[in-house]
Amino acid sequence: MDNCIFCLIAKGDIPSATLYEDEKFRVILDLGPAARGHALVIPKEHYADLFEIPADLAAEAVKLAKRLLPAMKEALSCDGFQLVQNNGEAAGQTVSHYHLHIIPCYAGKGPGAAWTPGELAEEDKTAIPEAVKKLL
Ligand code: 5GP
Ligand code: ZN
């Protein structure tokens, strides 16, 4: 993917504020952070999203985030974290190269990624599990 910005960043062709790098991943600071220290775990191989990325590699991205969390917590003096991973335009994905957001949260500031809770419809309590289960 010659024109994919995250391919270029992950491979080091475009410089980035890098927290961590190995043969499979680069972890960089987000240019438009939701909070101080907002980082992105980016695989070096191009996969558009969670549908495309091999399950093992997606699991490795989460393992890497788990490894980074204590160091980031101490370095940033933050109080919590959100892991966010958007899939598809409707979900707010703006870069079509799989990435996992690590968003530090600070007490009193509210989470960087938040939603307004709705209400679980009575019929959905059975209809949705039934519909999904039969496709697994
Ligand atoms: P998405 O909305 O696709 O889940 O997240 C894309 C993220 O990448 C956004 O938070 C955006 O700020 C960040 N981003 C987009 N382009 C660049 C870039 O060139 N460099 C860095 N460091 N972050 C970027
Ligand atoms: Zn890419």
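## Largest pocket

Helix α1 contributes 3 residues to the lining of the largest pocket, the largest share. In this predicted model, local features need pLDDT of at least 70 and side-chain atom pairs count only at pLDDT 80 or more, while totals for chains, interfaces and linings use all residues. Residues are numbered from 1 along each chain as its sequence is written, and side-chain values use heavy atoms, without hydrogens and water.

At least two lining residues come from each of α1 (5-10) and β2 (25-29). The volume of the largest pocket is about 210 Å³.

## Fold and dimensions

The protein chain contains 3 helices and 5 strands, in the order α-β-β-β-α-β-β-α from the N terminus. These are DSSP runs: H or I of at least four residues for helices, E of at least two for strands. The C-alpha trace spans about 50 × 40 × 25 Å along its principal axes.

## Burial and charge

Of the 136 residues, 36% are buried, meaning under 20% relative accessible area with a 1.4 Å probe. The mean positions of the 13 positive charges and the 19 negative charges lie 7 Å apart, with Lys and Arg counted as positive and Asp and Glu as negative.

Methods. Chains lettered and ligands numbered in written order. Buried < 20%, exposed > 50% of the residue type's maximum accessible area, 1.4 Å probe, protein only. Charge placed at Lys NZ, Arg CZ, Asp CG, Glu CD. 1 Å grid on protein atoms, 1.4 Å probe; cavity = no way out; pocket = protein on both sides within 12 Å on 5 of 7 lines; lining within 4 Å. Points joined across faces, edges and corners; volume = space filled by probe spheres on them.
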